[in-house]
Amino acid sequence: MEHRDGDPGAVQYGNFKNYYQFNSASERVKLLPAANIWLEQMDPSLNVEMKPYLVLDVGCNCGVFTQLLHGFLQAQLQRPVHVLGVDIDERLIERAQLENTCPASISYFCGDVLSADSFDATVASFLQQQQRDKFDAICCYSITMWIHLNHHDGGLQRFLSKLSGLADLLVVEPQTWKCYQTAERRLKRAGETFPLFRELKWRSDVEQQIQKFMEQQLGRRNIYESTPTKWQRRICFYR
């Protein structure tokens, strides 16, 4: 997955090799809510502190934010946290594995959510090892646009539907339509385009369409939204 025309921003799948140089992982962590948003309301008498909180981080890049998220959740929840990170780019996953400071509780693999083979098998194996049937939370930070541009409206809907069936809490940070236009422009300058760009039905209102789909089609509630990032994106929590 090479960058086009030497431009590190001209990528097809959002697999930026220098992503955290322009999108600070620590700044994103500052926008995350407290423990009550991450946890379902439950009987306080239940003993859950020894039960690990399981997270799937989709589009984890080289793992910088994944590790910060792990530390943040352990501090907030006061219980073990195990994170499985997945990215479509093998080189980014190799970096994440090399720089992993918590290999006992953070693991990574290369996979594609919309490609059943490797993704489904790895997720099933991870959950089986944890003796669980789903994750507590799945995080999708700034990746919905790339799914959308490469797989059309239907592909994004399949992506969200599949992940919704794998977790109690789904965390989504959708890109604005302005980001789509920028991605198309940068790829076009490198001599290529996103073939599906002009066919998309979810366009200037894509953020509202995602929320509508999550609530009306997937039966989820929007329980929290962060303040906007510097890119004017909101981190949305759906239970």
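**Loops, helix packing and cores**

Me: In which loop is L32 found?

Reply: L32 belongs to a loop between two helices, where helices (H or I, at least four residues) and strands (E, at least two) are DSSP runs numbered from the N terminus. This is a predicted model, in which local features need pLDDT of at least 70 and side-chain atom pairs count only at pLDDT 80 or more, while totals for chains, interfaces and linings use all residues. Residues are numbered from 1 along each chain as its sequence is written, and side-chain values use heavy atoms, with hydrogens and water left out. The loop in question is the one between α2 (25-29) and α3 (35-38).

Me: Is L32 buried or exposed?

Reply: Buried means under 20% relative accessible area, exposed over 50% and partly exposed in between, with a 1.4 Å probe and protein chains only. L32 has a relative accessible area of 8%. Leaving aside neighbours within four places in sequence, L32 is in contact (heavy atoms within 4.5 Å) with W38, F65, L69, F72, Y141, I235 and F237. By the cut-off, L32 is therefore buried.

Me: Which residues of the largest nonpolar core touch the most other members?

Reply: A nonpolar core is a set of buried Ala, Val, Leu, Ile, Met, Phe, Trp, Tyr and Cys residues joined through side-chain atoms within 4.5 Å. In the largest one, of 43 residues, the residues that touch the most other members are V58, F135, I138, F159 and L163.

Me: Which helix gives the largest share of this core?

Reply: The largest core has 43 residues. Its largest share, 8 residues, comes from α7.

Me: Are α7 and α9 roughly parallel or roughly antiparallel?

Reply: Axes are lines fitted to C-alpha atoms, for helices over the stretch in contact, and angles run from 0 to 180 degrees between N-to-C directions. Angles under 35 degrees count as roughly parallel, over 145 as roughly antiparallel, 65 to 115 as roughly perpendicular and the rest as oblique. Helix α9 (residues 206-217) packs with α7 at an angle of about 15 degrees, the axes being 10 Å apart. The two helices are therefore roughly parallel.

Me: Is S142 buried or exposed?

Reply: S142 lies in the loop between β4 and α7 (144-164). Although not a glycine, S142 has a positive phi of about 55 degrees. With a relative accessible area of 6%, S142 is buried.

Me: What is the relative accessibility of Q131?

Reply: Q131 also has a positive phi of about 55 degrees without being a glycine, and is found in the loop between α6 (116-129) and β4 (135-141). Q131 counts as exposed because its relative accessibility is 74%.
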